[in-house]
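Reader: I should like to learn how to read a model of this kind, one feature at a time. Please give the general idea first and then the case at hand.

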Amino acid sequence: MRKLPIFTLILAALCTAACLISACGNNIDYSRYVSERRSNIYVYEDDNVKIKIYCSEKEQPYCADGIKGEVTPFCEAMVSLPKNPEEVYISFCGHEGEMNYQAVENMFYLSVSAEDFKTDEIEVTLTYNDESKTYTALSVRHSGVMTCDEAVKCVADHDKELFASLTQNGLFSGEIFVRLLYDEGCYYYVGICDKAKQITAYLLDGERGIIIATKQIQG
């Protein structure tokens, strides 16, 4: 058998390495696989009234099955009062309606079809006991808080092995849930759901991108 010149062998090895590097460098846009995205939270609180408004996108119908469906935007308003009146009406950003009382959470709730308002503050008017009062709810997101897509990227960089196991031929075999959380600071919940309905959940700091906790959940 005729031996190949050393130069030819080296060149072949370099070409193979280049192909491998190129394949590894094909970054996947994981935002395409997000089936739930809570991108903003507006908050108002005083001694008597607590208001939270979540701005999200979510697949409908919602099902944690590892397959992303069509997503629709919506906003959820939650109001807590010291004494619960029989009826509470809410109005904000051109949306209004009678709120439903949630006994378990002891709060009033209303969901409307709306996109993220993408503003620093919104005016919220509550009407109950024949009185109307307007409050200014502030967005918890400031310039130092990462976006939902940045939170997903942090998780993907942290757990490369999981994402690699769910990736084949440039496609991601799963769906992703990402929710902005607020508790005296911003955090993110990121859930990676495979087609066996197994969810790997991460809690991370919303400013530093540090993973705080990881948990396995059966969907």
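Reader: What pLDDT does the chain average, and where is confidence lowest?

Author: The pLDDT is the predictor's confidence in each residue, from 0 to 100. The chain averages 88, and 88% of the residues score at least 70. Confidence is lowest in helix 1 (residues 6-24), with a mean of 37, and highest in strand 4 (residues 89-92), at 98. Over residues 6-26 the pLDDT is below 50, and this stretch has one contact in the model beyond near neighbours in sequence; contact means heavy atoms within 4.5 Å. Where pLDDT is low, the predicted coordinates should not be read in detail.

Reader: How many helices and strands are there?

Author: Helices (H or I, at least four residues) and strands (E, at least two) are DSSP runs, numbered from the N terminus. The chain has three helices and 15 strands. Among contacts between residues at least 6 apart in sequence, 52% join residues at least 24 apart.

Reader: What share of the residues counts as buried?

Author: Buried means under 20% relative accessible area, exposed over 50%, and partly exposed in between (1.4 Å probe, protein chains only). Of the 219 residues, 38% count as buried. One case is Phe163, in helix 3 (residues 160-165). Phe163 is buried because its relative accessibility is 2%. Setting aside residues up to four places away in sequence, Phe163 touches Tyr30, Val155, Ala156, Phe172, Ile176 and Ile192. The C-alpha atoms of Phe163 and Ile192 are separated by 8.8 Å, although the two residues are 29 apart along the chain.

Reader: Is a residue in a loop, such as Met146, buried or exposed?

Author: Met146 lies in the loop between strand 9 (131-139) and helix 2 (148-158). Met146 counts as buried because its relative accessible area is 9%. Beyond its neighbours within four places in sequence, Met146 has contacts that include Arg141, Cys154, Tyr188, Leu204 and Glu207. Met146 and Glu207 are 61 residues apart along the chain, with their C-alpha atoms separated by 5.9 Å. Asp120 counts as exposed because its relative accessibility is 60%. Residues touched by Asp120, not counting those up to four places away in sequence, are Tyr42, Ala137, Leu138 and Ser139.

Reader: Which residues line the second largest pocket?

Author: On a 1 Å grid over the protein atoms alone, a pocket is an open set of points where a 1.4 Å probe fits, with protein on both sides within 12 Å along at least five of seven lines; lining residues have an atom within 4 Å of a point. The lining residues here are Arg37, Ser39, Ser56, Glu57, Pro73, Glu115, Asp116, Lys118, Arg141, Thr147, Cys148 and Tyr188. Strand 1 (34-45) and strand 2 (50-59) each supply at least two of the lining residues.

Reader: What should I look for in the backbone angles?

Author: Most residues other than glycine have a negative phi, and most peptide bonds are trans. In this chain, the peptide bond from Gln60 to Pro61 is cis, with omega near -5°, and Pro61 is placed in the loop between strand 2 and strand 3 (71-80). Glu184 has a positive phi, near 55°, and lies in the loop between strand 12 (175-182) and strand 13 (186-193). The phi of Lys197 is also positive, near 65°, and Lys197 is found in the loop between strand 13 and strand 14 (198-205).

Key: Residues are numbered from 1 along each chain as its sequence is written. This is a predicted model: local features need pLDDT of at least 70, side-chain atom pairs count only at pLDDT 80 or more; totals for chains, interfaces and linings use all residues. Side-chain values use heavy atoms; hydrogens and water are left out.
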